[in-house]
Amino acid sequence: MNPNYLDFEQPIAELQAKIEELRLVGNDSQVSLADEIERLQGKSTKLTESIFKDLGAWQVSQLARHPQRPYTLDYLENLFADFDELHGDRHYADDEALVGGIARLDDKPVMVIGHQKGRDVKEKVRRNFGMPRPEGYRKACRLMEMAERFKMPILTFIDTPGAYPGIGAEERGQSEAIAYNLAVMSRLKTPIISTVIGEGGSGGALAIGVCDELNMLQYSTYSVISPEGCASILWKSAERAADAADAMGITASRLKELGFVDNLIKEPLGGAHRNPQTTADSIKAVLSEGLERLGALDTEALLERRYKRLMSYGAPA
Amino acid sequence: MSWLDKIVPSMSRIQRKDRRTSIPDGLWRKCPKCEAVQYLPELTKHDNVCPKCDHHLRLTARARLSWFLDSEGREEIAADLEPVDRLKFRDSKKYKDRLSAAQKQTEEKDALIAMRGSLEGQPLIAVAFEFGFMGGSMGAIVGEKFVRAAELALAENVPLVCFAASGGARMQEALFSLMQMAKTAAALEKLKQAGVPYISVLTDPVFGGVSASLAMLGDLNVAEPNALIGFAGPRVIEQTVREKLPEGFQRSEFLLEHGAVDMIIHRRDMRERLSSILLKLQGMPMVKVDEAATEAPQVTEESVAAAADVVEGDVVKEEPRSAVESVLDETFSSEQPKGERRDG
């Protein structure tokens, strides 16, 4: 099994392996295999299209966690210019599961904050698998209040399995750190746009996700609990994660139908990791439009709109 | 069949009937912690705190508010709001069926009760979570009721007091539940900006999405003794970090030591202390002692009957610790650890 492909993508992986083989042969021999390779490539694209046409919620959540999926720092490189990372919560530590700093979107200065997962084992550990501790959320809060002072819009990127459930995190007030961010973000006098780029895991995601506009990448998820967690509690078996994913309606498309998502951002065929630059360009276009829309509102209107938006969640008809 | 078999069943029937008449129902309660059997009127006199071991028994939301608020002039807020199954959620049971079962069992529409009333003559708004209703989990209606209570407190410029007891956000309402965290926090921020006092009282237990939103945002966070309070449940943490949790972890005293709560208040002092704190926060004069004394609750036939309701929640569960755990499991909003996490 090719680890770069998820289980439901294995037919594509096999076809790609065949194409790769032919390429190697083609290099050695005089026989031109270009036509054959092209034919197979076409077939592979068709196959990918048909597999991706109708993905279930569980398959989407696997894609959202794909080990090659672009993370916040990748987008900072592909989408923004002139990024200065800012570190630390000024109280306890710098949490590398959550990164942030000032950058430019086109020419406009913005504050960018996002969860960060690691690529290799060492970095994964350093980034704590993208699960922030209280100091991460407090750093985010510090940066957001700074953005307000310097009249910079805030752009957040959500990609976390959840806030870290550890002893130290509890001792330092994980609950309070999250709660405090929710309260502060509801009143910050600057536009906030959040984009879910991978996993939107519960309160740990929402703690940087109170916003004026919510974007979701096509194969990202946002939920109150992970499908595995939900399954092991309600079905008494983590094996039923697919059922839980389905029942909770965690995918971008379902959440758009339910009215949570403002912009659903299409991903390239096969997912964001197949073409990170295209994905970054799509996100950039949506962010620029969003900033223009929100920039047209005066502060009072912006805050009133945000409050109304928050109050509308689950309000009785 | 022997002659004895023929007789025994009827005998046992007679005996059971006898016992029922000789010991009236609901006059005795066993403390879930020390298992001492308590005479109900005695327990009521002690605000449902075990006189032997000082265990604070859980109260239903309604009992909590009727104990906390003055008996005169109470009025329920948004009493008619009912939960809706927007997602047609179904696991081993339908969410709709779980809702009607919970409604039947608790005789409440959802897991939060909000009331306008007064505390020792001082007008305020109080809300309480009904832990018996799906573990006090927060869905859209809980959030909506909380916000209406907060907005009323803001409009009338009176303090808001919340008694939290919840396993977290309600999974069956998925993202609608999660967003209640932001919704309630935003409403509380308005109170904060306007200088309207909000006191969050943490009672056993408070976890997940409720802990990480409205419960930790008080001008004062106050806890009842020995309540279990945290973001992630102890079992999840144990599975994640793979080590034994320290003694007293996530108990009120632990939170006080780590600076998460302002104080721990014994239930018998709760009304008086909160009243005096709220008066100070609002720049009002002290209440004279003799005035307050006349408010002391008296044990009457009615209050005994009420107490039977009060402690029922605790008594039906045979094993208190496991009861906490199982409800936490059911409603816990944070993540279950994954393979990836265990490695970390």
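These legends walk you through close-up views of a predicted model. Local features need pLDDT of at least 70 and side-chain atom pairs count only at pLDDT 80 or more, while totals for chains, interfaces and linings use all residues. Residues are numbered from 1 along each chain as its sequence is written, chains are lettered from A in the order in which they are written, and side-chain values use heavy atoms, with hydrogens and water left out.

**View 1. The largest nonpolar core.** This core has 126 residues, and A:Tyr222, B:Leu160 and B:Leu214 touch the most other members. Helix H6 (residues 174-194) of chain B gives the most to the core, with 12 residues. A nonpolar core here is a set of buried Ala, Val, Leu, Ile, Met, Phe, Trp, Tyr and Cys residues joined through side-chain atoms within 4.5 Å. Buried means under 20% relative accessible area, exposed over 50%, and partly exposed in between (1.4 Å probe, protein chains only). Helices (H or I, at least four residues) and strands (E, at least two) are DSSP runs, numbered from the N terminus.

**View 2. The surroundings of B:Leu214.** Beyond its neighbours within four places in sequence, B:Leu214 is in contact (heavy atoms within 4.5 Å) with residues including B:Phe129, B:Met138, B:Thr184 and B:Tyr198.

**View 3. A salt bridge between A:Glu9 and A:Arg274.** The closest N and O atoms of this pair are 3.6 Å apart; a salt bridge is a side-chain nitrogen of Lys or Arg within 4 Å of a carboxyl oxygen of Asp or Glu. A:Arg274 sits in the loop between strand S8 (263-265) and helix H13 (276-295) of chain A, and A:Glu9 in the segment before helix H1 (10-28) of chain A, so the pair ties together parts 265 residues apart in sequence. A:Arg274 is partly exposed at 31% relative accessibility, whereas A:Glu9 is buried at 1%.

**View 4. A buried pair, A:Glu199 and A:Lys117.** Look for a salt bridge here, with the closest N and O atoms 2.7 Å apart. A:Glu199 lies in strand S5 (residues 192-201) of chain A and A:Lys117 in the loop between strand S3 (108-115) and helix H5 (121-126) of chain A, so the pair ties together parts 82 residues apart in sequence. Both residues are buried, and they belong to a network of salt bridges that also links A:Arg65, A:Asp159 and A:Glu228.

**View 5. A salt bridge within one helix of chain B.** The side chains of B:Arg148 and B:Glu144 meet at 2.9 Å, N to O. They are four residues apart in helix H5 (residues 140-156) of chain B, so about one helical turn separates them.
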